[in-house]
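Hi,

Here is the structure I promised to pass on. Have a look at it first, and then read my notes below.

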Amino acid sequence: MLSTNFAGIELKNPTVLASGILGANAELLIRIANAGAGAVTMKSIGPSERNGHNNPTVIAWEHGLLNAVGLPSAGCKKMEEEWKLLEKSPVSIIASIYGANVPEFEEVARAVAEKKPAMIEANISCPNSEKHGQLFGTSAEASAEVISAVKKEIGKIPLIAKLTPQALNIGEIAKACEEAGADAICAINTVQGMLINIEAHKPILHFKKGGISGSAIKPVAVKCIWDIYEAVKIPILGMGGVSSGRDAIELMQAGATAIGIGSGVYYHGPKVFKKVCNEIREWMQKNNYKNVKELVGIAHD
Ligand SMILES: Cc1cc2nc3c(=O)[nH]c(=O)nc-3n(C[C@H](O)[C@H](O)[C@H](O)COP(=O)(O)O)c2cc1C
C-alpha cells in the first residue's frame, strides 16, 4: 500500500529523513532507518571541514524552528568511517552536497559519488552557498549550471535538486534543473526569518538571521510543490512542516511522490516516521485508496 518508486529507487514507504536534522552521523541515520523511514538524507557535505555558526543555532518557537546552523561539515574527504557504517543501512542513503561555487560542487560530487549512495541531493538552496551574493536556487541559470556540472560527475546515480522557496518563480527553477539533467526535485528548504528577544533587544540566534522550518512553512511548501508539479515531469520529494499523515497526504496531493520530515523528528522523535505512515494508511483505507501513488498530484484539475 505505501511502497513507492522515487526516481528509480524503491522505497518501502514514502517518508524520508530531511537533510541536516540529524547531521551526517551514521549511527543516528541508521537509527532513523530502523525507526521506519523509507530513506534517509545525510546532512549537506561540503568540500572541506567547516565549523558552522556559534550557539544559539536552533530555537523552537510556537510555530516551528528557526535555525542558522551554518552547514558544519567534516568535509567530503574526512568521512571514511561514516561511509563504512552507512553500508549497513537497511534503507537507501541520500547524500546531500553543497559548494560555494561550481568547481566546489564538482569536487564534492566526485568524492561522494565514489561512495555510491542511492541518490545525491545538490543543496542549491542554502544561504551559505552563495554565488554573487545570491542563492544559486533563486536563479534558473545558476541552478542549471550547478546541476549539469554535478550530473556530469556522478554518472548514473540519480540527482535531486533541492530548491529554495525564496525563488520568485520556483516552477521555472525546477524546469531549468530538469532540463540540466536533474532526476528529481526536493522542495522546500527553509524560509528565511528572524526573531528578536524583546527584553534583551537582541536577535535570538547568534547569526541573527536563520531558516524557518516546521508547521509555520507548510502552506509555503504546498504552494511550491504545486507550482513545481505543474512545471516538470520528474518526481518531487516534498517537505516543509510534515508531522502527521494528513500533512503528508496534503503535500502528495499537491504533487509530491515522497515526503521529507525534518522538524517533525525534533518534535516527535524517530517514531514520527511510523506515526506518519500509520496515519497515511488509515486515511487511505477510509477513503478507498489502494496505493500511495494514486495520491500524487490529485488536487490538480
Ligand atoms: C537544524 C536544521 C538543519 C538543516 N540542515 C540542512 C542541510 O544541511 N541541508 C539541507 O539541504 N537542508 C537542511 N535543512 C532543511 C531541511 O532539510 C528541510 O528542507 C526543512 O527543514 C523543511 O522541512 P521540515 O519543516 O520538515 O523541517 C535543515 C533544517 C534544520 C531545521
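Let's start with Glu279, which is partly exposed because its relative accessible area is 28%. (Buried means under 20% relative accessible area, exposed means over 50%, and partly exposed is in between, with a 1.4 Å probe and protein chains only as cover.) Glu279 forms a salt bridge with Lys275, and their closest N and O atoms are 3.1 Å apart. A salt bridge here is a side-chain nitrogen of Lys or Arg within 4 Å of a carboxyl oxygen of Asp or Glu. Both residues sit in helix α9, four residues apart, which is about one turn of the helix. Helices (H or I, at least four residues) and strands (E, at least two) are DSSP runs, numbered from the N terminus. Lys275 counts as partly exposed too, because its relative accessibility is 26%.

Before I go on, some housekeeping. This is a predicted model, where local features need pLDDT of at least 70 and side-chain atom pairs count only at pLDDT 80 or more, while totals for chains, interfaces and linings use all residues. Residues are numbered from 1 along each chain as its sequence is written, and side-chain values use heavy atoms, with hydrogens and water left out.

Back to the salt bridges. How many does the rule give? The count comes to eight salt bridges. One of them joins the side chains of Lys115 and Glu80, at 3.0 Å from N to O. This pair links distant parts of the chain, 35 residues apart: Lys115 is in the loop between α3 (102–113) and β8 (119–123), and Glu80 is in helix α2 (residues 80–86). Lys115 is partly exposed because its relative accessible area is 28%, and Glu80 is partly exposed because its value is 42%.

Another salt bridge pairs Lys218 with Asp247, with the closest N and O atoms 3.0 Å apart. Lys218 lies in helix α6 (residues 218–231) and Asp247 in helix α7 (residues 245–254), so the pair ties together parts that are 29 residues apart in sequence. Lys218 and Asp247 are both buried. Glu250 joins in as well: Lys218, Asp247 and Glu250 are linked in a network of salt bridges.

Now the ligand. Which residues are closest to it? They are Ser19, Ser44, Lys162, Gly241 and Ser263, out of 23 residues that surround the ligand. (A residue counts as near if one of its heavy atoms lies within 4 Å.) That shell divides into eight nonpolar, 13 polar and two charged residues.

An N or O atom in the Lys162 side chain is 2.8 Å from a ligand oxygen. A polar backbone atom of Gly241 is 2.7 Å from an oxygen atom of the ligand, and a backbone N or O atom of Gly262 lies 2.9 Å from a ligand oxygen. On its own the ligand has 610 Å² of accessible area, and the protein covers 95% of that. (Accessible areas come from the Shrake-Rupley method with a 1.4 Å probe; for residues, only the protein chains shown count as cover.)

Two side chains make polar contacts inside the protein. A polar contact is a pair of N or O atoms within 3.5 Å; within protein, one must be able to donate a hydrogen and the other to accept it, and residues adjacent in sequence count only if both atoms are side-chain atoms. Asn13, in the loop between β2 (9–11) and β3 (15–17), is buried because its relative accessible area is 6%. Its side chain makes a polar contact with the side chain of Thr15 (2.6 Å) and reaches the backbone oxygen of Gly36 at 2.8 Å. His300 lies in the segment after α9 (272–286), and the side chain of His300 reaches the backbone oxygen of Ala254 at 2.7 Å.

Last, some backbone details. A cis peptide bond joins Asn55 and Pro56, with omega about -5°. Another cis peptide bond joins Ala187 and Ile188, with omega about 15°. Ala7 has a positive phi of about 50° although it is not a glycine.

Cheers

Technical notes. Nonpolar A, V, L, I, M, F, W, Y, C, P; charged D, E, K, R; others polar.
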